[in-house]
Amino acid sequence: LLMIGYLTYSGEDLATAAAWAAALIAINGFQLFRLYRESSGRADKRPAEDEDPMLRLALSGLNYTQISRLIKAAEVKECVSGDVLTRQKKPVNSLYFLYAGRVNVEVDGKTVAALDNGAFIGEIAYLTGKPATATVVVDKPSRVLTFSRARLNKVIEEDPQISGIIYELLGRDLARKMGQVNSQRTASDLQTARI
């Protein structure tokens, strides 16, 4: 705008400069609108999970904008005790993130683990495309972020960098869970050996 004013008073060719200035104003206006729309989208009914340190830690490697996109793609689900998130040997069409609460993991009717805040659920089925390896039942009232495969794929298509980080995060979470189960088994085996 200052350039247009300068050229008007200096007597220079105004048409070319005005065209370039108008193009730059339009581009910047579009970017401002996009930023405004993204920030105002956070003011809907969703909690500010993308600002929560626990969620930021669980999604480490993603920047603020990427986390916001994932949160917008998620459905926030309030669960009560007894709700079933996955059933063993049944297809899983969503990836779950346990934002708050506790769930039990059952294999062949036996509880093999309990998961607390910050755990992903259904990651094996999500990664392999095969049925669930366990039944996951809500133990106490919980808040779960549900990512449908279709919505998560759309976010990944828009930002392919998210895909690699999601696979890394799921792998890390799976390794942590396996370590916990192995520790529990070792402790159980030692207890049995002492008896």
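Colleague: Where in the chain does L62 lie?

Modeller: L62 lies in the loop between α3 (53-58) and α4 (64-73). Helices (H or I, at least four residues) and strands (E, at least two) are DSSP runs, numbered from the N terminus. This is a predicted model, in which local features need pLDDT of at least 70 and side-chain atom pairs count only at pLDDT 80 or more, while totals for chains, interfaces and linings use all residues. Residues are numbered from 1 along each chain as its sequence is written, and side-chain values use heavy atoms, with hydrogens and water left out.

Colleague: Why is L62 called buried?

Modeller: Buried means under 20% relative accessible area, exposed means over 50%, and partly exposed is in between (1.4 Å probe, protein chains only). L62 has 7% relative accessibility, so L62 counts as buried.

Colleague: Which residues is L62 in contact with, leaving aside its neighbours within four places in sequence?

Modeller: Contact means heavy atoms within 4.5 Å. On that basis, L62 is in contact with I67, L70, I162 and I165, its neighbours within four places in sequence being left aside.

Colleague: What makes R143 and E78 a salt bridge?

Modeller: A salt bridge is a side-chain nitrogen of Lys or Arg within 4 Å of a carboxyl oxygen of Asp or Glu. The closest N and O atoms of R143 and E78 are 2.7 Å apart, and the pair forms a salt bridge. R143 lies in strand β6 (residues 135-148) and E78 in strand β1 (residues 75-79), so the pair ties together parts that are 65 residues apart in sequence. As for accessibility, R143 is partly exposed at 25%, whereas E78 is exposed at 52%.

Colleague: How many salt bridges does the structure hold?

Modeller: The structure holds four salt bridges. Among them is the one between R102 and D116, at 3.1 Å from N to O. This pair links distant parts of the chain, with R102 in strand β3 (residues 94-107) and D116 in strand β4 (residues 110-116), 14 residues apart.

Colleague: Which residues are linked with R102 in a network of salt bridges?

Modeller: R102 is linked with D116 and D139 in such a network. The closest N and O atoms of R102 and D139 are 3.5 Å apart. The relative accessibility of R102 is 28%, so R102 counts as partly exposed. D116 is partly exposed at 38%, and D139 is partly exposed at 34%.

Colleague: Why is K89 called exposed?

Modeller: K89 has a relative accessible area of 63%, so K89 is exposed.

Colleague: Where is D108 found, and what is its phi?

Modeller: D108 is found in the loop between β3 and β4. Its phi is positive, at about 55 degrees, although D108 is not a glycine. With a relative accessible area of 60%, D108 is exposed.
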